[in-house]
Structure formats: C-alpha cells, structure tokens
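Okay, thanks for coming, everyone.

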Amino acid sequence: MASSSEVTIIIERVLDFYYRTIVRKSSTEKKRSSMASTTLAKAKKAKSSNKMPGEKQKLTKGEQARERIISVAEALFNKQGFDGASMRDIAAAAEMQPASMYYHFDSKEELLWAVWEKGGVELLSRVNDAIALKTDPWQRMETACIAHITGLLDWRRANQVLFVMPPWHYPESIKARVISLRDEYEKIFTDLIEELPLRPKVDKRYLRLTLIGALSWSLFWYKKDRDTPASIARQILVMLRTGVDKPS
C-alpha cells in the first residue's frame, strides 16, 4: 500500500497532467497566437498607468497570482538558471500548488517568456517616457541612450536578455516572440536615428547596431564607483557623433 506522501505525489502528477493536457490545451494555440501582438498594448498600458503616481491598478486574485509567479520565477531563473529552477521550485517559492502553475502557464518556457516580456515592456516604457517631452533630435537620442543603460544596469536579467543573449539561445517555442519584442524595442532607436541631422550616406542600420551594441556591452565592464549610466551614454554618443580622428 502506498504511503500518504506517495499518494500526494501521485495526485499532484495527475493534476499536473489534467491542467496541462485538458484544461489548458483548448486555449493554448489561440493564446499563443495573440501574445506577440499584445506586447505593444501592454507597453502603452504601463506607460499610461505611470502617468498617475500613487494610483495603483487593482488586480484580480488571478492576476495577483500570475504576477507573483512571474516575480518569483524571475528571481529563481536569475539565481539558479532556467534549467536549474523547476516549476515545482517556483510553485513552492510562490506558495502555490504545482498543478496551479499550469492554470496560468502552459509550460516553463511560457513562464520564461512572461518574465522576459515583462522586462521588455518595462524597457519600452522607460525609454518612451524619457523621450516624451524632448524635442531636439540629439537630446532625444541622448535621453534614450541614458534610459537604455539605466534599465540594463538595474541588474535584472529580464531587462538584459534581449541584448546579451544571442537569438539561437532562445527556446524554440518562444523565439519568434522574443525577436519580435526586441525588434519592437529597437524600432525606437530606428525612429530616433531617422530624426537626426546626419551627413549624407551614413548607414543608419549600422549606426543603430553600433550604438545599441556599445551601450549594451557596458553590462560587462561597468563599475559603479567609476561610471554612471548617464556618463557612459553621453561618452559613447559623443564619440559616434563627432568621431575620434584628430582634426588636421
């Protein structure tokens, strides 16, 4: 006869199977197809909510549970890595039953996407909010660069993954959505570059790639006691704008 602990494990596994293959299966494809298209809406929603300080949006119990799972998952993914943090680990840290996790997320990959999407939307909002009141093209670009580095250097992995992890390392099931989110973010800089008074024949694509690459690489050499996000952004932008060749 099975012990009570063994019975509990069996019940949990049955519930896991039930939620993954029955409860969630019917809505999985529909939900996945709409996820990528909702990212911009989430960014706009976050941006509008930021305009009313002190006024917090009320969440349902289900939304609160989902946000708690994402927050806990982000912390455990950062600490233990994606492979090292199991759904059972995350459920325990979130004080939930493992089976309940699958009511909110079909798989660990979908939970990882939720974590990364949250970080991407926060960066989108941060940069858009920063440049909203600026009108001079170079000031807008400088402000966006500062906001970009500031967002990356808060040391939250979810805010960094779009710029430090190559696409071939993305889980296949969420790769298209991650790339779409990254492209959406980079479009901010594409549009800002279009506004700049540049000399003829400047390759704007290479300018964007060089700028974002240089800004993002500061993650690997930034020292808090020597630099600030603002000083890094300004130095990089000045060198790109004026060049480093000695005047003749």
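This is a predicted model: local features need pLDDT of at least 70, side-chain atom pairs count only at pLDDT 80 or more; totals for chains, interfaces and linings use all residues.

So, let me start with a question: how many of the 24 residues of α6 are buried?

Buried residues account for 39% of the 248 residues in the chain. If you take the contacts between residues at least 6 apart in sequence, 69% of them join residues at least 24 apart.

Okay, back to α6. The answer is 17 of the 24, so this helix is largely enclosed by the rest of the structure. Its length works out too: at 1.5 Å a residue, α6 should span 34 Å, and its end C-alpha atoms are 35 Å apart, which agrees.

Now the inside. The largest nonpolar core has 58 residues, and the ones touching the most other members are Ile90, Leu111, Met141 and Phe189. Several helices give two or more residues to this core, including α3, α7 and α9. The biggest giver is α6, with 10 residues. In general, nonpolar side chains in soluble globular proteins tend to be buried together.

Let's zoom in on Phe189. Setting aside neighbours within four places in sequence, Phe189 is in contact with Met141, Ala144, Cys145 and His148, and also with Arg208, Leu211 and Ile212.

Technical notes
Residues are numbered from 1 along each chain as its sequence is written. Side-chain values use heavy atoms; hydrogens and water are left out. A nonpolar core is a set of buried Ala, Val, Leu, Ile, Met, Phe, Trp, Tyr and Cys residues joined through side-chain atoms within 4.5 Å. Buried means under 20% relative accessible area, exposed over 50%, partly exposed in between (1.4 Å probe, protein chains only). Helices (H or I, at least four residues) and strands (E, at least two) are DSSP runs, numbered from the N terminus. Contact means heavy atoms within 4.5 Å. The expected span of a helix is 1.5 Å times one less than its number of residues.
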